[in-house]
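Me: I am new to reading protein models. Could you walk me through this one, step by step?

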Amino acid sequence: MNAARDPRIAARDRPFGFWRRTYAMLVKEFLQLLRDRVSFGMIIFMPVMQLLLFGYAINTTPRHLPTAVLLQEDTDLGRSILKALENTAYFRFTHEVHNVEQFDALLMSGQVLFGIEIPRGFERAVRRGERPALLVAADATDPVAAGSALSSLGQIAQTALMHDRVGGEPAIPPFEIRAHARYNPAASSRLNIVPGLVGTILTMTMLIFTALSVTREIERGTMENLLSMPITPVEVMLGKILPYVLVGFIQATLIVSIGVLLFGVPILGSLIMLALLSTLFITTNLAIGYTFSTLVQNQLQAMQASMMFFLPSILLSGFMFPFAGMPKWAQYIGECLPLTHYLRIVRSIMLKGASLENLRYDAIALVVLMLVAMTIAVTRFRRTLD
């Protein structure tokens, strides 16, 4: 008699059969997970990356913010005021300009977040008791970055004059500080968030669309037919990317329209330039997603790679937290992310009315990132053909 069919053996094994089969499945899943090195790496890498980013890179009270100085007279009082501003740790003087046009251009392009202007005859007016005005202009497109620094200006007068003998009653500051919050004077968070959502949503959707393109061909078994066709890697890439450029453009138009109609977000700059640079940003993300599809082996890994790229994009681009408040190493990583440059572009065009001259650095950065991603993608796909 076959022992496997003996009812006495089956009855004896019945209490342990459930656990044996469960254990066998458990071992199988662990072995399968260990063989999938991409998924196993994501299990380890993702929580470590999140912990490091939130622990070291994210700062909701940014300090040492880039500031331009328009010093129309070089006096002891002027230097004392600038030193007092630096001592607050909110301001870091990176540019010294010589006229108002340079002052405005730096704020418009986003190279500085603040501008300090000490007018001509300022010290003489202070000593005469005339209470002249010190102008502080702030780029308030990001209210979080500007708010803390502006609130620190109250004690500047007393701190700056601690070692300077000037006229006037001690209880009355000998000069006033006029703070102008430009581009978003009401410090409305929706004016900052809604334009940023355009780039964030496009990043997520465009990456996923194209990251699945090549892996879908492999899993469906149609890659062999594609490889047998007389077609070059560049033609394959463009054929897969270009349809989604139109999809991304429709998404961007929909988000911007809702932002303008429902949330009152203005578009002060050129709508045509916004459309062209948005198309460039969409193409850059599609190229990166296509690169991921040539590096992984299946759709699950493609999704994981997209999420691994999306997480630092949303954290280090300046969408959720002020970019200027991050440490230098985090800013260097952020400069390699397309979303960082697009956020500056879309906020500057919509809220500041910036021109292409103000945004040329970020536009060139997007072009470079797109070309790098396309080169990697074509190289990887050519190896597949070989």
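Me: Let me start with a strand: which residue stands opposite Arg-178 in β5?

Reply: Leu-135 stands opposite Arg-178. Please keep in mind as we go that this is a predicted model.

Me: How many bridges join β4 to β5?

Reply: There are 7 bridges between β4 and strand β5 (residues 176-182), and the two strands run parallel. With strand β3 (residues 114-118), β4 pairs over 4 bridges in the antiparallel sense.

Me: Is β4 largely enclosed or open, and why?

Reply: A strand can be judged by counting its buried residues. Here 6 of the 7 residues of β4 are buried, so the rest of the structure largely encloses this strand.

Me: Now the charged side chains. How many salt bridges does a search of the whole structure find?

Reply: The search finds 10 salt bridges. To read one, look at the distance between the nitrogen and the oxygen, which has to be within 4 Å. One of the salt bridges joins Lys-352 and Asp-139, with the closest N and O atoms 2.7 Å apart.

Me: Which parts does that pair tie together?

Reply: Lys-352 belongs to helix α15 (residues 338-352) and Asp-139 to strand β4 (residues 133-139), so the pair links parts that are 213 residues apart in sequence.

Me: Are Lys-352 and Asp-139 buried or exposed?

Reply: To read burial, compare the relative accessible area with a cut-off: under 20% is buried and over 50% is exposed. Lys-352 has a relative accessible area of 9%, so this residue is buried. Asp-139 is buried as well, at 4% relative accessibility.

Me: Which residues are linked in a network of salt bridges?

Reply: Asp-74, Asp-76 and Arg-79 are linked in this way.

Me: Let us turn to helices. What describes two packed helices?

Reply: The description uses the angle between their axes and the distance between those axes. Take helix α8 (residues 189-211) and helix α13 (residues 299-316): they pack at an angle of about 160°, with axes 9 Å apart. That makes α8 roughly antiparallel to α13. Their crossing is right-handed.

Me: Which residues of α8 and α13 meet?

Reply: From α8, the residues include Thr-200, Met-204, Leu-207 and Ala-211. From α13, they include Ala-302, Met-303, Phe-309, Phe-310 and Ile-314.

Me: At roughly what angle do α8 and α11 cross?

Reply: The axes of α8 and helix α11 (residues 233-263) cross at roughly 160° and come within 10 Å. The two helices are therefore roughly antiparallel to each other, and the crossing is right-handed. Among the α8 residues in contact are Arg-190, Val-194, Leu-197 and Phe-209. Lys-240, Tyr-244, Val-247 and Phe-263 are among those they meet in α11.

Me: What about the backbone: where is Arg-131, and what is its phi?

Reply: Arg-131 sits in the loop between α5 (122-127) and β4. Its phi is near 50°, a positive value in a residue other than glycine. Arg-131 is partly exposed, with a relative accessible area of 37%. Look next at Ala-187, in the loop between β5 and α8. The phi of Ala-187 is near 55°, also positive in a residue other than glycine. At 45% relative accessibility, Ala-187 is partly exposed.

Me: To step back, how many helices and strands are there in the protein chain?

Reply: The protein chain has 16 helices and 5 strands. Of its 386 residues, 46% count as buried. For contacts between residues at least 6 apart in sequence, 80% join residues at least 24 apart.

Conventions:
Residues are numbered from 1 along each chain as its sequence is written. This is a predicted model: local features need pLDDT of at least 70, side-chain atom pairs count only at pLDDT 80 or more; totals for chains, interfaces and linings use all residues. Side-chain values use heavy atoms; hydrogens and water are left out. Buried means under 20% relative accessible area, exposed over 50%, partly exposed in between (1.4 Å probe, protein chains only). Two strands pair if DSSP finds at least two bridges between them. Axes are lines fitted to C-alpha atoms, for helices over the stretch in contact, and angles run from 0 to 180 degrees between N-to-C directions. Angles under 35 degrees count as roughly parallel, over 145 as roughly antiparallel, 65 to 115 as roughly perpendicular and the rest as oblique. A crossing is left-handed if the near helix is turned anticlockwise from the far one by less than a right angle, and right-handed if clockwise. Contact means heavy atoms within 4.5 Å.
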